[in-house]
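Here is a friendly note for anyone meeting this structure for the first time. Please keep the view open while you go through the points.

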Amino acid sequence: MFRTQDLVKGPAAVTATQTTRFAGRLVVAIDGTQLALPDTPANLAVFPKAKAGQNGPSGYPMLRLVTLVACGTRTLMDAVFGTDATGELTYARDLITTAGTTGALRPGTLLLGDRNFSATAFVRTVASTGADFLIRAKTHSTALKLPILRRLPDGTFLSRIGEVTVRVIDATITLAPTDGADKRPATHSTYRLVTSLLDPDEAPATALVRLYRERWEIETSYCELKSTILGGRVLRGRYPAAVTQETWALLVAYQALRTAMSDAVLHRPNIDPDRTAFTIALNTARDQIIRAAGIIPHTRIDLVGRIGTAILNGLLPARRDRSRPRVKKRAISSKYRAVGRNIDHRTHRTTVHIEINALPSPPDG
């Protein structure tokens, strides 16, 4: 039986150079986001508002969306959504369990996740699919305790999360400005990553730390959904059934655009998919709808071709190392405060230095 959600399952017909791969594995990312809904009695019955926090109560009912995204092309591999009262990890578990039966997450894939996904139950669920993972672990006082089972020559060590054996990487990442006139000091961040890739020769620690930043691909996908397509607007459905229909329509439209973008560079292996502009694809598709292409008799239908031509004529510059403080222009209920006068929120060219923090050797005796 055909299902609407089957339309969002990728990663589309791409070449090996389009998707991000590591150690022969397809790299995918998982994360969740929220979409604001119209404040109607019908929606509130299914999508209640979040409880009041330090910034006050939520202004709208919220829908929680969790997706799997193929890094590189940013095509959707699967999605699940529902009430915000249900936690992100619950949706993620359901998504992976469902995806595992249809092949989205399977042996040969490498899942990237942020600190929220380092929970024991979730790691066990991912391992049960046969997929590998690279997840950032929490390091505060109540974080997951990782016993040292064996030290490895590259400064990493083997440990266990539940019954799953993992390799732990502690690293310090230094970002330094490349512009000599830039007087900003270098910034230092400490990351702890856990992975099912246990062999340092197959998966060097420094390479894994660099790979982890590909997780940001899914954040960019959510920006394209919420800011580029929706323009920051609230969804229009005033009833839960309409919300469900509209959300699937939003995801299908996004996937169609991403598929067209992938097709545009399918036979151009020298072009990184990161250089294709989502805004150009969206505006070109809108233009075709306004012109009623395919509706007027004898009109040539060439939607994907027109999008591809526009994309190839407006490629973005090659990706470069950049840094930008993580702040938001609107605080709403976010822990990241609104941009202030004394915060430099520009993007800067940087160099990245990664140092693996090896554990000190135990004392003799």
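1. The term stands for a side-chain nitrogen of Lys or Arg within 4 Å of a carboxyl oxygen of Asp or Glu. Asp 132 lies in strand S6 (residues 132-136) and Arg 25 in strand S2 (residues 25-36), so this pair ties together parts that are 107 residues apart in sequence. Helices (H or I, at least four residues) and strands (E, at least two) are DSSP runs, numbered from the N terminus.

2. Before going further, a word on the source: this is a predicted model, in which local features need pLDDT of at least 70 and side-chain atom pairs count only at pLDDT 80 or more, while totals for chains, interfaces and linings use all residues. Residues are numbered from 1 along each chain as its sequence is written, and side-chain values use heavy atoms, with hydrogens and water left out.

3. Are Asp 132 and Arg 25 buried or exposed? Both are buried. Here buried means under 20% relative accessible area, exposed means over 50%, and partly exposed is in between (1.4 Å probe, protein chains only).

4. Strand S2 also holds Asp 31, which forms a salt bridge with Arg 215 at 3.2 Å, N to O. Arg 215 sits in the loop between helix H4 (205-212) and helix H5 (216-229), and the two residues are 184 apart in the chain. Arg 215 is buried, at a relative accessible area of 7%, and Asp 31 is buried at 3%.

5. Next, look at Asp 84 and Arg 64, joined by a salt bridge of 2.7 Å, N to O. Asp 84 is in the loop between strand S4 (76-83) and helix H2 (88-102), and Arg 64 is in strand S3 (residues 62-70), so the link spans 20 residues of sequence. Asp 84 and Arg 64 are both buried.

6. How many salt bridges does a search of the whole structure find? The count is 16. Arg 74, Glu 217, Glu 224, Arg 258 and Asp 274 are linked in a network of them.

7. Do find Trp 248 in helix H6 (residues 240-264). Trp 248 counts as buried, at 13% relative accessibility. Trp 248 and Phe 81 are 167 residues apart in sequence, yet their C-alpha atoms are 9.6 Å apart in space.

8. Finally, the cysteines: with a disulfide taken as a pair of cysteine sulfur atoms within 2.5 Å, the count is 0. Cys 71 is buried at 0% relative accessibility, whereas Cys 223 is partly exposed at 42%.
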